Amino acid sequence: MVSGVQMQYYKVCKRKLWLFSKGIAMENEHERVIEGKILHERAYPRLEDREILVDDTFKLDALDKEYVREIKISSKMPEADRFQMLYYLYELKKRGITKKGLISYTKERKTEEVELTEKDESAIEKAIKEIYVILQSPSPPRLKKLPYCTKCAYYEFCFALEGDD
Amino acid sequence: MLRDHYIFSNGRLKRKDNTLYFFDEQENKKSLPVHQTDNLYIFGEVDLNSSLLNLLSQHDVHLHVFNYYGFYAGTFCPRNKKVSGFTVVQQSVHYLEHEKRLYMARSFLQSAVHHMLRNIRRYKEKTEQYVKNIEEEAKKMDSATTIQELMGIEGRIRQHYYQSFNAILKQDFIFEKRTKQPPQDPLNALISFGNSLCYTTVLSEIYKTQLDPTISFLHEPSTKRFSLCLDLAEIFKPLLVDVVIISCINNRIITQKHFDFLDGMVLLNEEGKKRFIKEWDEKLSTTVQHRKLKRKVSYRYFIRLECYKLIKHFIGDEPYKPLKAWW
């Protein structure tokens, strides 16, 4: 089964998705990731249902009557964040639970509401299939420079290259 | 910024709640910032207990132990959190297939030779003949078909290389032949001590990655040592250790009085070790602008980048090209 992070990485960078899924993870000591972890620990102190692991595969930050909630440090990757939320909503719907999603960019004091449409559902289904195809590959997708590479925890890994002698 | 701490005195390392203290024999207390520590090097005779090791494990601190003579004894490695079975399987493939293993072994040596030549070319007038000899010997690497052959070439190159130190070094330090366990003259003592520091530094960087330190290519994987460290150290010994040795001697940071002469064995004394480590630490934190990362990178971090390049090679991403200092 696909995790929420994998779904997000699928939208951000397929190479990152592949590496992460093979255990070649770089998140551990990256400062931005540590910051995110602390943010998650402190988020939603008033909600009781926090950090809910569903079927051992994806973890919801928090859940209330109306919303699945997800907390993010910055809104730099809105499309990927939205897709991750859609995936949660899709999986919950399959289990007979219908909710809306709410993404909180707490540092920017901004929220984003997400609703699952039929079109989204088929997009998610297509993404799940593609993720499996990507992970079948014995090697990672080739390095492709993206504008946000330098901010990524995998930057040093990807760009540890030698020039021509 | 994470850093390393070195303990030379005898005493006791103690955990009190979540803080780390060192008590010396006179019961003087010194606190060590466990949050900001990457490695602890123990040269003195130090007592410690399991509760302390648990604290080190929580903060991912490596504890390296050296014996009375300054030789590396072993490391306490916190539970390794970076696990990728996939990577280890692929790393093994590159050991098992002869051509692949040969490629790795040759790459490490090419980098080593590049850095050796880089060191002695700085003293051109004095080392011309040695440079020629090494270049001549290095040509044979391309046609070598076994690891033993490569090792033989490496041994001969290193002999020429260390001989050239006699032309470079300003004080009365003389190289006759390489002697280890125990080193029999001051220069050998410096080389041995420096190499063991290099080895533990490489180990602590490998541990931050998914590589398996026991699967090596140039050196036969052994049960006694993390032999991948020896492979990678080939690259970094001439780039880091030898440069520090030459500068310590030629700038008179270390002189004959910094050695203990015991029958047939020569060792750096405490003051000598301290001086060497100070220079070593400074070298590791010196930065260079990386031409691909477009960032400043410390010499220590270059070791990590080399690990990343190995992983990329093993998983079929980017063929391994060893570091050849370009600056």
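**Two chains, questioned**

Visitor: What makes the meeting of the side chains of A:Glu162 and B:Lys309 a salt bridge?

Guide: The N to O distance there is 2.6 Å. A salt bridge needs a side-chain nitrogen of Lys or Arg within 4 Å of a carboxyl oxygen of Asp or Glu, so the pair of A:Glu162 and B:Lys309 qualifies. Across the interface of chain A and chain B, the rule finds five salt bridges.

Visitor: What should I know before reading on?

Guide: This is a predicted model, where local features need pLDDT of at least 70, side-chain atom pairs count only at pLDDT 80 or more, and totals for chains, interfaces and linings use all residues. Residues are numbered from 1 along each chain as its sequence is written, chains are lettered from A and ligands numbered from 1 in the order written, and side-chain values use heavy atoms, leaving out hydrogens and water.

Visitor: How do you know how confident the predictor is about chain B?

Guide: We look at pLDDT, the predictor's confidence in each residue, from 0 to 100. Chain B averages 93, and 99% of its residues score at least 70. Confidence in chain B is lowest in strand S8 (residues 72-76), with a mean of 88, and highest in helix H9 (residues 299-314), at 98. Those helices (H or I, at least four residues) and strands (E, at least two) are DSSP runs, numbered from the N terminus. For the complex, the predictor gives an ipTM of 0.89 and a pTM of 0.90.

Visitor: How many residues of chain A and chain B are in contact?

Guide: 27 residues of chain A are in contact with 30 of chain B, where contact means heavy atoms within 4.5 Å. The area buried between the two chains is about 2500 Å², buried area being the accessible area (1.4 Å probe) that two parts lose on being put together, summed over both. In chain A, A:Glu156, A:Phe157 and A:Glu162 lose the most area to chain B, together 25% of what that side buries.

Visitor: What about B:Ser107 and B:His115, buried or exposed?

Guide: B:Ser107 has 3% relative accessibility, so it counts as buried. B:His115 is at 1%, so it is buried too. B:Ser107 belongs to helix H3 (residues 98-121) of chain B, and B:His115 is also in helix H3 of chain B. Leaving aside neighbours within four places in sequence, B:Ser107 is in contact with B:Tyr320 and B:Pro322.

Visitor: Where does B:Lys294 lie, and is it buried or exposed?

Guide: B:Lys294 is in the loop between strand S11 (287-290) and strand S12 (295-298) of chain B. Its relative accessible area is 61%, so it is exposed. B:Lys294 has a positive phi of about 55 degrees, although it is not a glycine.

Conventions:
Buried < 20%, exposed > 50% of the residue type's maximum accessible area, 1.4 Å probe, protein only.
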